[in-house]
Amino acid sequence: MNNDESPFPKRLKQARKDRGLSQKQLGILSGMDEFSASARMNQYEKGVHSPDFKTVKALAEVLKVPTAFLYCEEDDLAEQIASFKNG
């Protein structure tokens with residue numbers, strides 16, 4: 001994993017796929033410009049760039065997961081965190 005081994009790219013992709021959204025859809029729903037949304041989300045999921053916290057909060061809201069889920073290293077704990085907030 002890139003990005004200093006941050007779990008963020010993996011968790012972001014996992015949550016996006018769980019919600020059935022494309023990268024572009026997620027980007028647009030979280031407030032990004034429709035012409036750059038797909039590219040930005042792709043860079044976040046590959047760990048090339050990291051979003052600021054305001055963007056992380058917007059992504060988490062759209063994905064209906066706590067922000068902690070996006071940074072959780074342990075898979076089992078991530079699942080528990082994801083189930084903690086149901087909408």
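## The aromatic pair

This structure holds one aromatic pair. The ring centres of Phe8 and Tyr71 are 5.4 Å apart and their planes sit at 35 degrees, so the pair is tilted. For the cut-offs, rings of Phe, Tyr and Trp (its six-membered ring) pair if their centres lie within 6.5 Å, with planes under 30 degrees apart called stacked, over 60 edge-to-face, and the rest tilted. Phe8 belongs to helix 1 (residues 8-19) and Tyr71 to helix 5 (residues 67-71), so the pair ties together parts that are 63 residues apart in sequence. Helices here are DSSP runs (H or I, at least four residues), numbered from the N terminus.

Buried means under 20% relative accessible area, exposed means over 50%, and partly exposed is what falls in between (1.4 Å probe, protein chains only).

## What you're looking at

Keep in mind that this is a predicted model, where local features need pLDDT of at least 70, side-chain atom pairs count only at pLDDT 80 or more, and totals for chains, interfaces and linings use all residues. Residues are numbered from 1 along each chain as its sequence is written, and side-chain values use heavy atoms, with hydrogens and water left out.

## Helix 1 and its partners

Two packed helices are described by the angle between their axes and the distance between the axes. Helix 1 and helix 4 (residues 53-63) pack at about 30 degrees, their axes 10 Å apart. Axes are lines fitted to C-alpha atoms, for helices over the stretch in contact, and the angles run from 0 to 180 degrees between N-to-C directions. Helix 1 and helix 4 are therefore roughly parallel to each other. The angle classes go like this: under 35 degrees is roughly parallel, over 145 roughly antiparallel, 65 to 115 roughly perpendicular, and the rest oblique. On the helix 1 side, the contact is made by Phe8, Leu12, Ala15, Arg16 and Arg19, and on the helix 4 side by Val56, Leu59, Val62 and Leu63. Contact means heavy atoms within 4.5 Å.

Then there's helix 3 (residues 37-46), whose axis comes within 6 Å of that of helix 1 and crosses it at roughly 125 degrees. That makes helix 1 oblique to helix 3. Here Phe8, Pro9, Leu12, Lys13 and Arg16 of helix 1 meet Met41, Tyr44, Glu45 and Lys46 of helix 3.

Which residues does Leu70 touch, leaving aside its neighbours within four places in sequence? Leu70 is in contact with Pro7, Phe8, Arg11, Leu12, Val56, Ala60 and Val65. Leu70 lies in helix 5 and is buried, with a relative accessible area of 0%. Its C-alpha atom is 7.0 Å from that of Pro7, although Leu70 and Pro7 are 63 residues apart along the chain.

Arg11 also turns up beside Phe69: the charged end of Arg11 sits over the Phe69 ring, 5.9 Å from its centre. A charge sits over a ring if NZ of Lys or CZ of Arg is within 6 Å of the ring centre and within 35 degrees of the ring normal.

## Loops

The loop between helix 4 and helix 5 includes Lys64 and Pro66. Most residues other than glycine have a negative phi. Lys64 has a phi near 60 degrees, a positive value in a residue other than glycine. Lys64 counts as partly exposed at 40% relative accessibility, whereas Pro66 counts as buried at 15%. Pro66 and Val56 are ten residues apart in sequence, with 9.9 Å between their C-alpha atoms.

Over in the loop between helix 2 (23-29) and helix 3 you'll find Phe35, along with Gly31. Phe35 is exposed, with a relative accessible area of 73%, and Gly31 counts as exposed at 64%. Phe35 and Lys24 are eleven residues apart in sequence and 8.6 Å apart from C-alpha to C-alpha. Gly31 and Gly20 are eleven residues apart along the chain, with their C-alpha atoms separated by 18 Å.

Methods:
Helix = DSSP H or I, 4+ residues; strand = E, 2+ residues; numbered from the N terminus.
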